Amino acid sequence: NSYEISINDISRQEEESRMKRQLTQNVAHELKTPVSSIQGYLETIISNPELTPDKRQFFLERCYSQSTRLTGLLRDISVLNRLDEASEMFDLSDINIPKLIVEIQKECSKEMEEKQMQKILQKAEVLIEALPYIQRFNRKIIVVKYGGSAMVDEELKKNVIEDVTLLKLVGFKPIIVHGGGKEISRWVEKAGMEPEFVNGLRKTDAPTMELVEMVLGKVNKSLVQLVQQLGVNAIGISGKDGGLLKVEKKYSKGQDIGYVGEIQKVNAKVLYDLLEKDFLPIVCPVGLDDSFETYNINADDAACAIAKAVKAEKLAFLTDVKGVYQDPADKSSLISELSVSEAHKLIAKGNIGGGMLPKLNNCIEAIEDGVSRVHILDGRIPHCLLLEIFTNKGIGTAILGDHEERFFTAEEIEREKQDGSR
């Protein structure tokens, strides 16, 4: 019996030894991939000193990932007490693997810490750059005309609302005036109505006006909902509420274009009261005439009239263009700052045309009526509002009075013109 037990013990030990050897072989073969990968990544880093920080970080992160895998495999071999055997199966004699792992982990940790610190410093620099603007415009009114593609794309819409909400939270008093032309066109088409244009302006008959008011009301409440979700109280109103926008019938070169109104008076008290109660007003561009007929109003005109009435510090137009160009055909000729007199010269030269002409005239009129600065921005750029208001150079065109302080010197402006003309 003792002999049988001894034989069984020997057989069991041999079987365990065989299984360990097989497992060790499997693990040893698996070592090939991470070791060769690490060697390849390190060779790339060492032999390419011109690598960008991002590329260098990419390869170091891959090294770190493979080294973690390598550590696990070596741990398996150590448990099996077969490291020597594994080394014979796969020649690792020229690599001090534990030391290599430590070095890689140290280097990766250092790189990651440096990258994280760079991100923190960049954020700090942005806040420092924004601080004087936050101080300067604290408790000041800014009117944002929201329209174009930024109203159609859900992600861009979210970005715009986040920007305006942040302005509110850091002390600004924002007012949103929104359009809805693309959404109106979509619903007009869905209703099977044939759009009619007079001198490039949509003719708005009674059925179309009913549809316009419905669509703009829907857009208005969707924007209110987005602001509320971010923890800021918003109130959506139309120009009819409280007699906010008083209009008269507008004609295009003497021709009747239906229920399209031209603003005659803004009841600023409605907006002042809302701002005083800490609400963010969102205005739908529909107004009433003396006979209490409903009229559609161009959103640019509404924003401009409201900005003048509330003596806004800033008026920002979110559009589908980057700003005003010296030469519309040359996209490198974007003007960062433009005085009213310079704007008049551009118009006189014929450099401004299309939809930009009435917009720029609105900007000039707003400046001449007391608005400090007007900004024309590409609403398709994420967070364009914050980039324009809280950074020194901005990303669009700022229109300002002739005697307003400019960020750029005359020499820098001239250099910008020359760079644009190349």
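This is a predicted model: local features need pLDDT of at least 70, side-chain atom pairs count only at pLDDT 80 or more; totals for chains, interfaces and linings use all residues.
After α12 comes Gly370, with a positive phi near 110 degrees.

## The chain as a whole

Stepping back, the protein chain has 14 helices and 14 strands. It has 422 residues, of which 42% count as buried. Taking contacts between residues at least 6 apart in sequence, 74% join residues at least 24 apart.

In soluble globular proteins, nonpolar side chains tend to be buried together. Here, the largest nonpolar core has 45 residues, and the members that touch the most others are Val143, Leu315, Val324, Leu360 and Val374. A second, separate core has 40 residues, including Val215, Val224, Cys384 and Leu386.

Beyond its neighbours within four places in sequence, Val374 is in contact with Leu315, Phe317, Cys363, Ala366, Ile367, Thr397, Ala398 and Ile399.

Ala307 sits in helix α10. Is Ala307 buried or exposed? Ala307 counts as buried because its relative accessible area is 0%, where the cut-off for buried is under 20%.

Leaving out neighbours within four places in sequence, the contacts of Ala307 are Val143, Ala312, Leu315 and Val371. Two of these, Val143 and Leu315, are also among the residues that touch the most other members of the largest nonpolar core. Ile175 is 132 residues away from Ala307 along the chain, yet their C-alpha atoms are separated by 8.9 Å.

## The largest pocket

The largest pocket holds about 1,400 Å³ of space. It is lined by 44 residues, and those closest to its centre are Lys145, Gly180, Gly181, Asn298 and Ala299. Several elements give two or more residues to this lining: α6 (154–169), α7 (181–190), β4 (201–202), α8 (206–229), β7 (255–266), α10 (299–309), β11 (314–319) and α12 (356–368).

Which helix gives the largest share of the lining? That is α7, with 6 residues. By class, the lining of the largest pocket divides into 16 nonpolar, 15 polar and 13 charged residues.

## A cavity and a loop residue beside it

A search of the whole structure finds 1 cavity of 30 Å³ or more. The space in the largest cavity is about 40 Å³. Its lining is made up of Arg139, Lys168, Phe172, Lys173, Leu275, Asp278 and Phe279, which divide into 3 nonpolar, no polar and 4 charged residues.

One of these lining residues, Asp278, is found in the loop between α9 (268–276) and β8 (280–284). Asp278 counts as partly exposed because its relative accessible area is 47%, between the cut-offs of 20% and 50%. Its phi is positive, about 70 degrees, although Asp278 is not a glycine.

Most residues other than glycine have a negative phi. Lys253 is not a glycine, yet it has a positive phi of about 55 degrees. Lys253 lies in the loop between β6 (245–252) and β7. With 76% relative accessibility, Lys253 counts as exposed, since the cut-off for exposed is over 50%.

Tyr325 belongs to the loop between β11 and β12. Although it is in a loop, Tyr325 is buried, with a relative accessible area of 10%. Not counting residues up to four places away in sequence, Tyr325 touches Asp330, Lys331, Ser333, Leu334, Ile335 and Ile352. The C-alpha atoms of Tyr325 and Leu346 are separated by 9.3 Å, and the two residues are 21 apart along the chain.

Note on methods
Residues are numbered from 1 along each chain as its sequence is written. Side-chain values use heavy atoms; hydrogens and water are left out. A nonpolar core is a set of buried Ala, Val, Leu, Ile, Met, Phe, Trp, Tyr and Cys residues joined through side-chain atoms within 4.5 Å. Buried means under 20% relative accessible area, exposed over 50%, partly exposed in between (1.4 Å probe, protein chains only). Contact means heavy atoms within 4.5 Å. On a 1 Å grid over the protein atoms alone, a cavity is a set of points where a 1.4 Å probe fits but cannot get out, and a pocket is an open set with protein on both sides within 12 Å along at least five of seven lines; lining residues have an atom within 4 Å of a point. Grid points are joined across faces, edges and corners, and a volume is the space filled by probe spheres set on the points. Helices (H or I, at least four residues) and strands (E, at least two) are DSSP runs, numbered from the N terminus. Ala, Val, Leu, Ile, Met, Phe, Trp, Tyr, Cys and Pro count as nonpolar, Asp, Glu, Lys and Arg as charged, and the others, Gly among them, as polar.
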